[in-house]
Amino acid sequence: MKNIGTATHVKSTIKKEEFHIKKKFGQNFLVDQNILRKIVTIPSLTDETLVIEIGPGMGSLTEHLLAKSKFVLAYEIDPDLIPILNETFKGQNISIQNKDFLKTNIDEDIEELNISYDNVVVVANLPYYITTPIIMKIIEESSKVKEMVLMMQLEVARRLTSKPSTKDYNSLSIAIQYKTFAEIALKVPRTVFIPAPNVDSAIVKLVVKDELEVCPDNQELFYKVVRGSFVQRRKTLVNNLLSSLNLPKTSVIEMLEDLGYNPQIRAESLSVNDFIRISDYLNK
Ligand code: SAM
């Protein structure tokens, strides 16, 4: 636990001497106004946008989001931050909810606000320990969120956005790129946070695909094949599928030949569409 007393930007209304940073909640507060100003230029924000912010912390990003949108729905798990946020944003277009984002029903919460909007965008400096579960939850559960602009560790950002046959490409790249267009929008040095994390960060912009370009016949099997294909990166696809899906070797080789792939191929060279073809074949 570390005191945030050194954050000179923090508003005078915040009793900063009373707040202690909690590592267990992944608290690394953004203290650089230049970065904050840049972040809010990345999402598609208008005065008709509903913004969802996960983990507003002391509200440094929230303040910029409120200035550029219609309404902010903010989820903060740390009860100690709620009075600070309530005081800072009193009377503004914001709903501050003391909840664990992973346990929320996003679309129900949006409906309960009972407001009109043109688009819903998630903008957050994420608690890094739950980056992947947060993104997967939004992708899988919300039909309203169409865009996400998220700060995360640079290493994770590279995985989400990497292309086949590159060193960072793995099952997470495929799970994310199956549902979204993902790109790194900005690299962010560790020095702009208090406390500074041990790694650099990046902002990733994810735009949800309107209609899936190609849809697997069986999504559950698709995810299983993707995960199973990367269990041991150095192994061939055949060997990974044999152990993860429990299939006879001859039938996996026959399938790859039928689909026109070299049986020596590794998962890292296959695209989202290749995995859809393989899972559809296995689904028959
Ligand atoms: N947005 C602030 C900023 O940029 O200075 C704080 C970002 S800090 C990296 C992550 C924030 O997420 C913290 O305020 C933390 O308490 C909150 N948080 C952590 N886990 C959470 C969860 N499961 N649901 C909601 N908020 C969470």
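**Exercise 1.** Which backbone atom type of phenylalanine 101 lies by a nitrogen atom of the ligand, and at what distance?

*Solution.* A backbone N or O atom of phenylalanine 101 is 2.9 Å from a ligand nitrogen atom, which meets the criterion for a polar contact (a pair of N or O atoms within 3.5 Å). The model is predicted: local features need pLDDT of at least 70, side-chain atom pairs count only at pLDDT 80 or more, and totals for chains, interfaces and linings use all residues. Residues are numbered from 1 along each chain as its sequence is written, and side-chain values use heavy atoms, with hydrogens and water left out.

**Exercise 2.** Describe the salt bridge of aspartate 100 and the accessibility of both partners.

*Solution.* Step one: aspartate 100 pairs with lysine 103, their closest N and O atoms being 3.9 Å apart; a salt bridge requires a side-chain nitrogen of Lys or Arg within 4 Å of a carboxyl oxygen of Asp or Glu. Step two: lysine 103 counts as exposed because its relative accessibility is 70%, whereas aspartate 100, at 23%, counts as partly exposed (buried is under 20%, exposed over 50%, partly exposed in between; 1.4 Å probe, protein chains only). Step three: the whole structure holds 11 salt bridges, and one of them joins lysine 144 to glutamate 111 at 3.0 Å, N to O.

Note on methods
A polar contact is a pair of N or O atoms within 3.5 Å; within protein, one must be able to donate a hydrogen and the other to accept it, and residues adjacent in sequence count only if both atoms are side-chain atoms.
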